[in-house]
Structures are given as structure tokens and as C-alpha cells.
Amino acid sequence: MRTIDCVIVGAGHSGLAASYFLQESGIEHIILERGEIAHSWKNERWDSMRLLTPNHQVRLPGFRYSGDNPDGYLTVAETVKFIEEYAQFINAPVLCNQEVLSVDSNPLGFSIVTNNDEYITPSLVVASGACNLPSFPPCAEKLPESIPSIHPLEYRNPEQLPPGKVLVVGASATGVQLAHEIHTSGKPVILSVAEHVRLPRVYRSKDILWLMETVGILDERYDEIDDLVRARSIPSPQLMGTPDRKTIDLNTLSDMGVQIRGQLMEIRGNEVLFSGSLKNHCELADLKMNRLLKTIDEWINEKGLEAKFDEPERFAETRVEKSPPLTLDLQKENIQSVIWATGFAPDYRWLNLPILDRKGRIRHQAGVAAWPGLYLLGATFMTRRKSTYIHGAEDDAREVCEHLTAYLRKRSVA
Amino acid sequence: MTDTIIDNGVNVGALLDAREALTSAPEAGKFTWEASCKWINGTHSRSTCEAFYGLGEKQSHKQEFTFESDHPEVLAAEDNGATPVELVLVGLASCLTAGVAAVAQRRDIQLKSVKSTLKGSMDLAGILGIDSDIRNGFDGIHVHFEIDADASSDDIRALVAQSQKRSAVFDIVTNPTQVTVEVN
């Protein structure tokens, strides 16, 4: 049993960023890591994955990408290396192979049981990740057992899949990237598309995520926006980080021969039913993309920076078949596997505190949970829109650690 | 933003309050809508809507509303009312239109006029049992909106798109729904 001022759960980029700020304020702390540093990055990502943010945007508090390819996108191995180097750089107090089995409330704050120790702490930072568990639509369980299906958490590469056609469900960054890779490998893909976010990889010669940061969109705060619940549930944008900075939208995929279908709504025997709302989902995404491009154009004009950027352009509307089929007979169409790119959920099964909402997420405001001494990092849109990206961890961790430091000081005075 | 007051007759404040209230008390948001129907003669029937359930208790319209439905003379009927499939189009049109008004109010867009025409196409070879490969229902629905409002054409398109996204009837007609029918 050990008592310590603060415990961070998870040695990913968010937990390490918190450690940086706690060290700055002189708060004694440790990081409990179930496996090794950047564990999820090492073990739960597909082989070809790269960061969505360009290298020049990759940074953590006091540390940034320093390689010779600022416009490139880190591979998973490079991302792991970056996070490991950061842990070393800040000399983070990480205890590896300490899986947290339970957290309970305690008169002194929290009692934590790991697979080989126990801790008592007045403050706890949950930085265990937003993508620990697969998330499926309710009808997923009705998929005939003869058809193998996997979630992106288990997907590594197309060779893993049986020969034949593949149904990819979901068109966020994950869904479109996997559809692209699997179709390219020679296994024809049918892609089921619900509400999605369309973005060009490059606009007016600049990376779109860099533009969104530069014009201030990624810095929009949680208390400035209209509908936070919605903003937190927006799917990741259709982006891919490839050396040729290729845009991957539904038109790109259609051109390759990927068949686009509506949202998967139901499975009845061998028949999959798709929504008739595909056209509207595409229209919403096109309109939203154009509003974003307009915001960027206006910013450039206001600043008088036209000369530094290419000319504005608008991209072709998403092409949707006139009457995309609403059903798919899995047997007749010879579908040999299904990928459920339908999202992720955090794993808080070890957290025995009544602070989860009805969707199983920690109730919090800007990372300050609805429980004294409890903090959250690494979820979507914590303090700012950029929370999802590695460089978003800095502001989130700074604000959370400021609150935490003040909480501990107030507590020790009282 | 303009200084003029935008009024489409939608109480957005109340709707947002309701959303807030139902987020914290999800049970109150469980509604059941009802219709009762009585056969008159031939293909003519009369349906009424009055009671419904919501906010945790039985509710009621201010008055009972009545809908006649029948088939036209070309289908050997007396044409005492719109066909049931036309009533589906009416439901979709009304739902999308209400959505356009609500979204416009929320986005501070003054509507001047909103008109729509809906076309649902079907091949009667389905319902008449001539060809089992042809479905009974619409093979497609086409909605055309004509909207005059103080907004750009993209903003108007966005109103209509958002209205579809939030529409109950749009969801009902585009997505499968379990229907259980019991007798006596």
C-alpha cells in the first residue's frame, strides 16, 4: 500500500502531458500503465495506420516533432517512438505492467488496486484512452455466424480477411481508410455510410488540419460552442495521412470501384437493410465542408494573406447513385467478411464510482469530473475541439492540472 | 446578424428547454402516438387521432382530428378521401416542413414561404399481385421544396438537409421499422 498525492491511469500521450504539468507544479505523482508506454498504439492499431495530423502539428508540452519531414504523417511505430521519447524527455514516473483492477472512493480520496499493488490518493487522472472497447450497432449480433466479422481494434491488414467481398460498415477516418486499403488489396469493398465528416486533405496548398488550427477552429472551447453533446459525438473526419497527401472521400472511393451504400440499419437473415437517407447524409457533409472552406477563405481574406495561399476552390459534390440499393443479400453477393468500423468506447469497468452517464461516459466539464479529485483526459472535445489530436493534449492537461493543483492545495489547507 | 426579430412562429426556447429537461429525465421523452381507424364501406375508412402518451402520462389533443381515406374512382372506389399512401406523403411533407421552420428559427433565418411537392411512385403490379418481384410500397419518393427566405442558397439547402436529419417521418420511411399486428 502506497499513499501519493496524485495517480494518473495510462501512459499514453495524455497521461504523460499531465505528468509534465504536475511536475511543473511539484505535485508528487505516479503513472500506472497496464502494459508499456503507448500501449494502445503498440498493440491496438492496424499496420498501415498513420496520424491524421501532419508532423509539424505533432507536439506535446515542451516537446515537438523534430524530424526532417514536417509535411509527412507519423506511422504507428513512429508515433510510439515519439511518445516513448517524450516519456524519457520528461522523466515520467511510469510504472509499467500495473493494470488497474479497481478504483473505489475512500475517506482519503480513492483506493486503487492493481494487479500487484494498492494505492491511496486524493486525486486521480483517468487517461486510459477513449478507444479501449469496440462499439457495435445493436443489429450486429444478427449477422449470420458463417460470415466472419472484426472490429478495427483487431484488424491489422487485408491478408487477415478471407478472399472475397468485404462489407465495411462506417465511414469515419477508420472506415474510409480500411475500405481504401482492403479494396486496393483486391478484395472488393461495399461501404455502408451514415453521417460523416468530409474534408479535403489539402486546401489552398495547406494541410486542412493545420488550416483548422490556424484559423482557430480547433481551438474552439467547449463553453463557446452551441451543442457540446453533438460536438463530442461527431465521427472522425474522412482523412488519411499518406506521403502523397491524398484526399480520401466517398468520390475517391467510388472512383476506385468501392460501392457506396446507406447506413446499415438492420439484418434479417441473410439480408442487410440500408437506410434510404444516404443522399441526405452526403448533402449534409458537402454543405458542412463548404461552410468550413468558406470560413477559411474569409479568414485568409481578412488577414490579407491571399498571396501565401493557392486560389480558393470548391470540390465536386459527393456522387450518389440515383437509387442506391437498400438491401444486400450477403449470400448472393458473396460477402465473405464484415468490418464494423462503427466506433469505440472507453473502458471504465474498473471505476467503481457513480459518475458515468447513460452512455457509459464520465460526466465532466472540461476534464473536471463530477466527483471531487477526479479528472479525465484524452476524451473527445475536452476543453477544445483539438482534444482528439495529439497536440490537443497540451491545453487539456494544463487546465486539468491547474484545477487539480488548486484542489490539492485547498484540501491540504482545510 | 440583423437587428430585425426573426419570427417563424416556432418557440425554439421552449423546444431547447424541453431538450434539456428530457436529457436529464429520459423517461419523460418516451412518447406513444395513437390513431384509431374504423371501416366505413368499400375502401373507405375514417381514422381519428386524439389521445397520445408522453411526459410520463396520458395526453390529449385540444380536439379530435379526423381523416377520411379511400381510393379514387379509377381504382373502382368512391373517392371519399385521400389514399393511404398519399397520407404517408402528407405525413412526410408536414414533418419536413415543421423541421424547416424550427431549424430556420434556431439559425435566425426568416422564412417568407415554404412550399413543397411530393411524388411517391409505385407500380401497382406489386399490390395487385401481378409480379411478386415488385414491392407494394413506393419505389421512391421525390420531394421538391420551394423556399423563399432571407438566406443564401447554401443556407437554405442546409435547412432542408438538417430538417431531414431530425425528421421522424423521414426516418420512418427511409429505415426499417418493426410492425406487429394482432387481431382481437
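Start by selecting A:Glu195 and B:Lys165: their side chains form a salt bridge, with N and O 2.8 Å apart. Keep in mind as you look around that this is a predicted model.

Now widen the view to the whole boundary between the two chains. Across the interface of chain A and chain B there are five salt bridges, and eight residue pairs are in polar contact, both residues at pLDDT 80 or more.

By type, the residues on the side of chain A that touches chain B are six nonpolar, five polar and ten charged.

Next, show both partners together. The contact involves 21 residues from chain A and 17 residues from chain B. The two chains bury about 1,500 Å² between them, and carbon and sulfur atoms give 46% of that area. Pick out A:Asn280, A:Leu287 and A:Arg358: within chain A they lose the most area to chain B, together 28% of what that side buries.

For the last stop, move to a sheet in chain A. Four strands make an open, mixed sheet there, in the order β1-β9-β8-β7. At its edges lie β1 (2-3) and β7 (100-106) of chain A, each pairing on one side only. Select β1(A) with β9 (residues 118-121) of chain A, and you will find them paired in the parallel sense over two bridges. Finish on A:Arg2, which stands opposite A:Tyr119 in β9(A).

Definitions and conventions: Residues numbered from 1 in each chain as written. Chains lettered and ligands numbered in written order. Predicted model: local features only at pLDDT ≥ 70, side-chain atom pairs only at ≥ 80, totals over all residues. Heavy atoms only, no water. Pairing = 2+ DSSP bridges. Contact = heavy atoms within 4.5 Å. Buried area = accessible area lost by both parts, 1.4 Å probe. Salt bridge = Lys/Arg side-chain N within 4 Å of Asp/Glu carboxyl O. Polar contact = N/O pair within 3.5 Å; in protein donor to acceptor, adjacent residues only side chain to side chain. Nonpolar A, V, L, I, M, F, W, Y, C, P; charged D, E, K, R; others polar.
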